[in-house]
Amino acid sequence: MDQQTRILVAGGDTLLGAALLRRLHGQGYHQLLGLPPREPDWTDAEQVDNFFLRERPEYVFLTGGPSGGIEENRRYPADLMVENLQVAVNVIPAAFRHGIRKLLYVGSSCCYPKSAPQPLRVEYLLTGPLEPTNLAYASAKLAGLTLCRAYRQQYDAPFITTITANLFGPDDDFHPESGHVISGLMRRMHRAKVRAEPHVVIWGSGRPTRDFLYVDDAADACIFLMRHYNSEEPINVGSGTERSILETARTIAEVVGYRGRLLCDPNRPDGMPRRLLDSSPLFDLGWRPRTDFRTALAATYEWFLHQQMTEEPYVALAV
Ligand code: GDP
């Protein structure tokens, strides 16, 4: 990739897609195609094909398709599955037909079996049942990973795949119901601080663990892999560190400045009990995350506060 390269981030309005665009722009790439809000609808095959024909991307980061936290997955499994399948079956074959130079497809750590040994190594994929709370979404993402591998096997297509940890950062979905745990808790703790509420509820037991990665680091890893990785195996993109939900909630409370009590609600699902990616293959290639967890949370909170001041919908959210 040189600075004249025509690059497409399919899904530039997603958490990771937006971070990728920021970073690519910062690194001097100025042929960034289909920037939001001018992206086509990636679930529409005709729009996707026309876009490839017209814009002729050379490198494609495929981050598109909706995602959400544990509650969003419980409420909308069909929509999440259909749209992610559509994005995969539209963009991946179009990238092949139009002869792009390389594609990177972004999978998710929920693709791993619920009871796989930890840390999660890519050879554990498809070795056991998935966690029921994200079965539909994970099945669609597994289909995307498998489709890339199939194109490599059948046509020697230059397609690589990653599995990312739990991402967070600027541009995250801060809605208290649909968002992931960090953005959801950050918003609820902020509101509780402003209203001097005595406690905040943490969903589930607080015991599950997750591998949290700041989205700017994840974007950096994806660009690194686009340059340096070319194998059929997916590659994990994580922080190398595992944190419990309760310990994470305590750190968010410190960053937000909320001093009330944190109460666990066991009536809410825990989801996967443990999730730590084995990112050693990526680290062995020479990449490491740069942002320490607390610094990343502070940057995320700053973005959220700024957003609150400038965007009416966040102020209006009353949940
Ligand atoms: P997951 O990593 O795919 O399971 O998705 P989430 O990021 O939504 O949830 C991670 C863990 O955080 C689960 O164990 C949730 O029960 C727990 N959790 C605690 N409080 C919250 C919250 O306010 N929002 C969300 N989304 N999850 C929460």
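A polar contact is a pair of N or O atoms within 3.5 Å; within protein, one atom must be able to donate a hydrogen and the other to accept it, and residues adjacent in sequence count only if both atoms are side-chain atoms. The model toured here is predicted, so local features need pLDDT of at least 70 and side-chain atom pairs count only at pLDDT 80 or more, while totals for chains, interfaces and linings use all residues. Residues are numbered from 1 along each chain as its sequence is written, and side-chain values use heavy atoms, with hydrogens and water left out.

Select the ligand and W203. A backbone N or O atom of W203 lies 3.1 Å from a nitrogen atom of the ligand. The protein buries 97% of the 530 Å² that the ligand exposes when taken alone (Shrake-Rupley method, 1.4 Å probe).

Next, display the 16 residues around the ligand, among which I70, R188, R210, P269 and D270 come nearest (a heavy atom within 4 Å). Helix 6 (181-194) gives the largest share of this shell, 3 residues; helices are DSSP runs of H or I with at least four residues, and strands are runs of E with at least two, numbered from the N terminus.

Finally, move to A88 in helix 4 (residues 77-97). A88 is buried, with a relative accessible area of 2% (buried means under 20%, exposed over 50%, partly exposed in between; 1.4 Å probe, protein chains only). Not counting residues up to four places away in sequence, A88 touches P93, G144 and L147 (heavy atoms within 4.5 Å).
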